[in-house]
Structure formats: C-alpha cells, structure tokens
Amino acid sequence: MAFIDFVFFFYMFVGLYMLSLLFLLYIQNRKKVFDYPQGKAVPVSIIVPCYNAEKSIGRTLDSLLKLKYDAPIEIIVVDDKSRDNSTKVVSEYAKRYDNIRLIVNERNSGRAAEPTNIGVRAAKYDYVAVTDDDSTPEEDALIKMIGFLQEDDRVSAVTCAVLAKHTETFMQKLQAIEYTVIAWSRKLLDLVDCVYVTPGPFALYRKDRLIEVGLFDTNNMTQDIEIVWRLISRGYIARMCLSAKVHSETPRRLKAWFRQRIRWNIGGTQTLLKYKKFVFQKGMLGAFIIPFFSLSLFLGLIGLGIFLYLFTRRIAVFYLSSLYSVEAQTTILRLSELSFSASILNYFGIILFLLGASFTFFGLTVMGERKLYRYDTFFNVMFYMIVYLMIYPIIMITGLYKFARGKYSW
Amino acid sequence: MLEVSTHGNFEDAGAWKMSKHVFWQALVFTVIVFASGLVLGYFLEVSRSEEINLLSLDSELNLVDQQLQARSSAVLNISCQDREKQLFSFADSIYNDASQLEEYDRNNLFSPSLTLLHKRYDLLRILLWFEALDLREDCDLKFHRVVYLYDYGIDEIDLKAKQKLFSRALLDLKYNHPDEILLIPIAHDSGLESTRIINERFSIKKSPAIVVDEAFVIYEINDFKEFEKVVLESNK
C-alpha cells in the first residue's frame, strides 16, 4: 500500500466517524431536537449593525417589529457610516416607532464588530439580540430562544436556524441546501455542547456576559465565531434553538459567494490561531471544537493537494499520450484503457458518498424545508455534494493565502 | 414560572453525560464498519488473485500443450497451419489474461502476490516467443514476432505517455494484421534472469523498445504507417 492509500483511508475513517456521530446523535435525541424551554418574556435590546443596507434594512425592521413577544423590545440600529440612504430609511422608522433608535458610528469600521459593540454598550436591557441588516427572523424566534438563557446560568448565547431567504438563482438553491443541513447539524452538535458559532443573522446574548468577556473582537472577520469560543473558554456555553428561524440573504452569484466564504475562512483561521493554546482544555472547546476545526482545515488542504497532484498527473499522461498518438496517427483511446475494476478505496468512497447524501436528504426532510423539495432537488443535492463542497479546499487555500499576506477586509 | 418542554428535560446531568458517550459509540461503530470493509476488501482481492491464478495455470497448461504438439507434430501429423493457429490463439489468450491482471493490480492494495503473477506471465510470454521461433523454423511460416519490452510500475509521466503510445500502435498493428503479427509484450524490468539476458542480447538501451523478428529494435514511433511498413517488410 502506498502512502497516498493510507491518507485516503484516514480521510474515509474521519468522514465515516463524523457521519456516524451525527446520525447517532439524531437517533438518540430525535424526539427533542425541536424542543425549547418555555421562557419568560423579558425586555430585550436588538442590535442591528448596518452598512449600505437601504434596500433591506426596512424589511429587517419590519420583521423585528412583528416579533410576537410580550415584553418591551428596543431596536438599536448602529450605522457604520453608510454611503447610501440607510440612515434616512432608519430615521423614518425612528420617527414612527419609539422603540427604534439610530446611532451613527463616527467612522466606517469596515466590520460588524465595532457597530455591534456600540449597540451593546448603548442597550438598556439585560438581554441583547444581534441581527444582520438584511435578515428577517420569524415572529416566534425570540420567545423560543429566550428560555435557553433563563434555564441554565452557564448559557450565555443562543443561536437559531439560519435559513436562506431566497432560492432564485442556482447558487442560492445550493446555499439553501447548505444552510438547512448546517442548521440541523449544528443542533445535533448542540446536544453535546459543541455549538461553536452564533451566526450574525440572529443571535441572543446575556449583556453582562458580553461585557465581562470584552465584547466582540473588532479585529476578527467572523466575530460571531470568536465570541462563542471566548465565552466557552471562560466556562460558559452557547445553545441552539432549532425551532427558531431567521431568513438571511445569500449571495446570488459565484463571485460574491466566493468572497463571503473567503471572509469566513479567514475569520475561522484567525479564531483558530487565537485559541489554539486551549486544545484539549476548556471542556468541549479543546476536546472537540478546536480539533474539529483544525482537522477540517488540515484535511481540506491535504485533500486538495493530493487531488491536484493525482489529477494533474493523470491529465498530463493523457495529454501527452494523446499528443503522441495524434502525431503518430494511431488510435487515441481504446475502451480497454478505461478501467472498470474498482478497488476497496472506490467502494469506501461510494459508501461514504451515499451516507453523506443520505444525511443531506435526511436533514432536509427533518427540517421540513418544503420549498427545497421540487423536481430538481435530487440534482441540486448531487451537485451540492459533488461540486459545491469540492470548492471548499480552494476557498481554504485562498483564504490562508490572503490571511498570510494580511490583505483582507469585510 | 419556568416550564421545560414537555418532551423531557435534556439539561438533566445524567442525560448530558449519556450524550457524551456518543463520541465513543460513534468511534466503535466506525471501527467496526471500517474493519468490516477492510476484511471484505481483502477477500475481494484474494478472490481476484485466485481467479488470475487459475487463468495462469490454464495458460501454463496450454503452453505445455504447445510444446507437446511441437515435439510430436510429425508423429501425430499436426499441420503447420494448425500449430500456427493454436500459437496465435495462445498468444491472444495470455495477452487478455495479462490485461486483466494489470487491471486488478492497479486496484490492488493488500495482496502482494500479483507481482509474482506478473512474473509468471512474463515467463510464459518468453516461452511463447521461443515456441514461435521453433514453429517458424519447423514450418517456415511468415508471421512476424513483435516483442514489446516495457517497464512495469513506472512513475515518470513522459515514459508512461510513451508506453501508452506504443501500446496503441501495437494494438493497431495487431488489429490490422491479426494473422501476421504475433504480439508479445514483456516487462523487462521484472528482475527475471531471462529478461536480463534478453536485454543484453538485443542491447536494449532504453525503454520502451520493440524487437522485430529478432532482427532490429525500434525505440520511437513517429508515424504509424512507417512503423507498420517497417514491421511487415522485416525478414522479407
């Protein structure tokens, strides 16, 4: 057996382990994945960091005003020196609604952390929610999430199911599948205290804990990941409410999607480097979250490297032999040259792929995302699994390169 | 008054601890599935080796049969045409068997024995070559012996591409002249003493190489028509 074969077997093992873990978590807890503790509605401040969102901020504010919640809510929009008419739109809302406030940052910080921190400091209530300027939480999201913070003192942050708002372009359909499966997987990890992020579209925090740990890191590209790792490192935990949903805008095209994922990757790398000293310490942060992230990064890079190496060699041999054959005027390709005999690695790969596909379809079913079940769902899921996920190593490499060069921005 | 969801209090410490056991359960499950897969894979390869072993045995029996026919052709009144036909049939048979062996070997991970089978087939083909020489002497037949000497298990991209070209050209030659060309591919880097002697006898400088009718060696194929002409006009 060659070294590469051992690497492939290792990949298969890790992939099989993760799928087994998630399937077992679901099987053992399937009756309670959508459960949530019934909490008491208490006043909440909702912070909306805003930048160049004139087209979406109105819809976001409308959805926040429609929240079914029997306690005062204040909405603080913190504008990060937008260059469009975002402040004008928000001002109109502030005039109409007493519980909406606009704060304009004195400078453009370039990231979400600083305006969020401004909002948290200005918040008058003990619980703060943070939402993106283009997200729309469902009416019952807040009431479903609040109980998590009240039933367990360790819980300092709560996230919900972040789903794709639109599925118009093919890129958005793929992201819709991705977001749905991620939401479900995140809930499964929540069952073992491994929630590692409270995504920006809608998250709820205890204000005192945020201030205690120093608020959001303004240098981090993914402050929503970093804050959770910081909370966990201080002995707190984050929870996930799968029943609560928020709908988030997703990039319509490949280029915008790629830029977004690069940013996420850079933020993830920043966070990993910052907390690497806690590996095998600090509860589930060191026992699972950090190793999981590190292994994903490592396997992604190694996988891309091996794939490129093998693929390039094959293409080079095919190209050269075809060139020689054309020059010599011989047959270019024979059926006998195509190998149909499978090795054990092929069988493992097929089984892993089928398990992964089953997990994806199962997740879509559990989540009941009916709009994803159309005539083209099967093709979209297959494309998602075969093509979309294969782009991730490229994103990792690009993200690492930009991170190493220090050239990145929101 | 706080109420916990009616489906149970999953914050209970006992249930929490049980959830953490899932990491070990998943590990055990994965090890079992993985080990089962490896065992199945091993048996699959063993079964393939057995299949090739049987084919190889069959080929060896055919070779002995050929040799017997050669020795007893006068007594048993076996015509030259019959002997030639059987020789070609035998050559085609071991060529197909060896192709299958190569395919299995490409996907083989656990069983080392296929390398030995490769050597057996190389020896069979060398013996085939000698049988062909004997037959030509006995019967003065006009077929051409095209011996393709290649490297087995190479990594260089250029060499692999060149060997593919040679394989395609030789198969084209065989398909164009099935009854005139006896194609005998031999891996001359297998470490066998016979292949070492062949390399020395024909002063093989590089790989791949084609020995035509034991008369000359071809190292390049730049034009198939020219190559075909050179082979067909050999020994005229």
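Visitor: How many salt bridges are counted between chain B and chain A?
Guide: This is a predicted model, in which local features need pLDDT of at least 70 and side-chain atom pairs count only at pLDDT 80 or more, while totals for chains, interfaces and linings use all residues. Residues are numbered from 1 along each chain as its sequence is written. A salt bridge here is a side-chain nitrogen of Lys or Arg within 4 Å of a carboxyl oxygen of Asp or Glu. Between chain B and chain A the count is one.

Visitor: Which residue of chain A forms a salt bridge with Asp155(B)?
Guide: The closest N and O atoms of the pair are 3.9 Å apart. The partner of Asp155(B) is Arg313(A).

Visitor: What area is buried between chain B and chain A?
Guide: Contact (heavy atoms within 4.5 Å) takes in 59 residues from chain A and 48 residues from chain B. Buried area is the accessible area (1.4 Å probe) that two parts lose on being put together, summed over both. Carbon and sulfur atoms give 62% of this area, which is about 4,800 Å².

Notes
Chains are lettered from A and ligands numbered from 1 in the order in which they are written. Side-chain values use heavy atoms; hydrogens and water are left out.
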